[in-house]
Amino acid sequence: MFFLCHFFVVDKGKEVGNVTLNESFELGCGLVLKNRVLFAPISTLSCLPGGEISEQDLAFYEKRSKGVGAIVLASAYVTQKGKAYEGGIGISHNRHIAGLSKLISKIKKGGSDSKVFIQLYHGGAMTSYNSTIRSSFCVSSESNQLDSTHQYQELTEQMIESIYQDYEEALIRAIRAGFDGVEIHAASNYLPYQFLSPSWNYRTDAYGGCLKKRLKFIEELVLRLNSCINEYATSPFALGIRLSETDSSLEEQEKWKSFQTTLLTVQELNSLPLDYIHMASSDSLEEVEVDGQKYSKASLLNTMSDSIPLITCGGLLCHEDVAKALKTSPLVSACRPFIFLPDWAEKVLVGTEIVFEERQLTGALRQELAIPRALWSSVKESKEWYMYQ
Ligand SMILES: Cc1cc2nc3c(=O)[nH]c(=O)nc-3n(C[C@H](O)[C@H](O)[C@H](O)COP(=O)(O)O)c2cc1C
């Protein structure tokens, strides 16, 4: 049995009502999504070595993004120094803009009114694992999450200021490329998460300590990007954030504590100028017991957000799952279902039965589905997980 901590009151079971999947949704900035289903970020590791969009990227996204309310393009590094892995999207230089614009045109070709967002990331200390970057800075050198064979310098206020500027410049590039919004990647152990998580952040200055202080980096970042949007965007432009539901590296009991921290984080973020909070979970409809009653994690998270819409993501496979998630959350997203069913959203919207057939992983199938080579290798290694077998 689990208990929620006493310092927040949960209006358990809050429902948003009987929303139909096809209903449009207006974000706070005024941008209207044509339906409630988004394509969640998926790093396909198929960009050119300099971070430019490749032909493989164009083919993959063109096939998959027409039916969705919005697509959030995978994490794009805001500065070369923050590049945690190779093959990812770059938005760190002006030379990236042309390829990104071309990708947006492909997605919107034929009058598709799916909105296109891009996720902005900075790897922080995770970049020390990228052999071509090997950056040497961290939020806090006391963390045991760091590579013990590597020397790190703790970020100074001056270095933090320069990172904010990297994000701002990346956001301006996103506006110039023609995106409809950006999403701050604050999940998956990247820099904003390194500030947020007590297992990364042991700082004793204004950026470390209680949750409010650990949130300072994210709060300042949101405010700076919001000012930039007000200054540079000429049409409604969304600012969202992605959060991990729990720290998946923790033991079960610890995971529950980290979920409680996420609930409080969602509550704290409510005062910020954000258009949405996008949750990252492996199974968003999983139920937990609170005071003898069962609630899905998605419904508890939604309860904590009064003013900012939440996007529920993780383990939603069919129309029924999506309809269930929409009972407590105004928006949903999915990632893996799109790999083998490029028209998954269209199917879900009309209620077609979803079948993930067992298929032979042949080169012809890869080409038919326009799956980039690096993603294909990963699919081959974990076939059951990707094909829901
Ligand atoms: C190959 C792959 C790459 C991913 N890349 C990203 C990413 O760049 N940014 C991110 O926030 N999530 C990323 N995710 C997580 C997904 O967006 C999503 O949260 C997760 O797959 C759970 O949703 P699903 O059950 O619908 O697949 C990735 C997932 C996969 C399978």
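Axes are lines fitted to C-alpha atoms, for helices over the stretch in contact, and angles between them run from 0 to 180 degrees between N-to-C directions. In this predicted model, helix H2 and helix H3 pack with their axes 9 Å apart. The protein chain has an average pLDDT of 93.

**Helix packing**
- Two packed helices are described by the angle between their axes and the distance between the axes.
- H2 covers residues 97–108, and H3 covers residues 157–177.
- Their packing angle is about 45 degrees.
- H2 and H3 are therefore oblique to each other.
- The crossing of H2 past H3 is right-handed.
- On the H2 side, Ile 97, Leu 100, Ser 101 and Ile 104 make the contact.
- Arg 173, Arg 176 and Ala 177 make it on the H3 side.
- By class, this contact has four nonpolar residues, one polar and two charged.

**Confidence**
- In the protein chain, 95% of the residues score at least 70 in pLDDT.
- Strand E9 (residues 181–186) has the highest confidence, at a mean of 99.
- Strand E12 (residues 287–290) has the lowest, at a mean of 90.
- Residues 1–15 have a pLDDT below 50.
- Beyond near neighbours in sequence, that stretch has 26 contacts in the model.
- Where pLDDT is low, the predicted coordinates should not be read in detail.

Methods
Residues numbered from 1 in each chain as written. Predicted model: local features only at pLDDT ≥ 70, side-chain atom pairs only at ≥ 80, totals over all residues. pLDDT = per-residue confidence, 0-100. Helix = DSSP H or I, 4+ residues; strand = E, 2+ residues; numbered from the N terminus. Contact = placed C-beta atoms within 7 Å. Parallel < 35°, antiparallel > 145°, perpendicular 65-115°, else oblique. Left-handed = near helix turned anticlockwise from the far one by under 90°. Nonpolar A, V, L, I, M, F, W, Y, C, P; charged D, E, K, R; others polar.
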